[in-house]
Amino acid sequence: MFMSKIHLDIVTPEKKVYSEDVDMIITRAANGDIGIMPKHAPLVSPLQATIVRVKNDGQEEEIAVSGGFLEVRPDQVTILAESAETASEIDKNRALQAKERAEKRIHSAEGDLIRAEAALLRSMNRLRVAK
Ligand code: ATP
């Protein structure tokens, strides 16, 4: 049976991180979590630091993204992110160090709390994707 797919591109200023025809994409847009399948209504949304879950042929893959935009068209999803990494690209130690650094900054209540919280979220997403 023919199953329709939707094309997903994830790009950063540095490189193309992901480009595949997939069954479904689950992520967090400005208004909350969305699941995107072929023929989804067109949509543009800013993207916070989050995890993009991709389902394809019964497999699931996760990509950590930070900041940027999500554009949905019926047959194409484009994520333009400040950074994006698949599980194998993530340096777990680096993410762990970033998490500890951010936690220290949050607890010391010095400096930019918003920035520290954003760094904490990025590191936690990376650790979750890296497993
Ligand atoms: P750090 O404090 O470790 O630099 P960060 O959250 O500030 O973390 P970003 O500014 O989000 O880092 O990313 C800068 C660049 O480094 C991006 O290209 C991103 O893909 C890459 N990067 C950041 N953390 C990791 C990691 N743990 N593993 C692999 N690449 C990473």
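Modeller: What follows is a conversation about the ligand, a salt bridge and the annotated regions.

Modeller: This is a predicted model, in which local features need pLDDT of at least 70 and side-chain atom pairs count only at pLDDT 80 or more, while totals for chains, interfaces and linings use all residues. Residues are numbered from 1 along each chain as its sequence is written, and side-chain values use heavy atoms, with hydrogens and water left out.

Biologist: What makes a residue one of those around the ligand?

Modeller: A residue is near a molecule if one of its heavy atoms lies within 4 Å of it, and the residues around the ligand include E14, S83, E85, R94, R122 and R126. By class, this shell has three nonpolar residues (Ala, Val, Leu, Ile, Met, Phe, Trp, Tyr, Cys and Pro), eight charged ones (Asp, Glu, Lys and Arg) and one polar (the others, Gly among them).

Biologist: Which elements give two or more residues to the shell around the ligand?

Modeller: They are β8 (76-86), α1 (92-108) and α2 (113-130), where helices are DSSP runs of H or I of at least four residues and strands are runs of E of at least two. The largest share, four residues, comes from α1.

Biologist: Why is K5 with D57 called a salt bridge?

Modeller: The term asks for a side-chain nitrogen of Lys or Arg within 4 Å of a carboxyl oxygen of Asp or Glu. The closest N and O atoms of K5 and D57 are 2.7 Å apart, so the pair qualifies. K5 lies in the segment before β1 (6-11) and D57 in the loop between β6 (50-56) and β7 (59-73), so the pair ties together parts that are 52 residues apart in sequence. By this rule the count comes to twelve salt bridges.

Biologist: What does UniProt list for residues 92-119?

Modeller: An unreviewed UniProt entry lists them as "coiled-coil region", and annotations of this kind may be inferred rather than shown by experiment. In the model this span is 86% helix and 0% strand.
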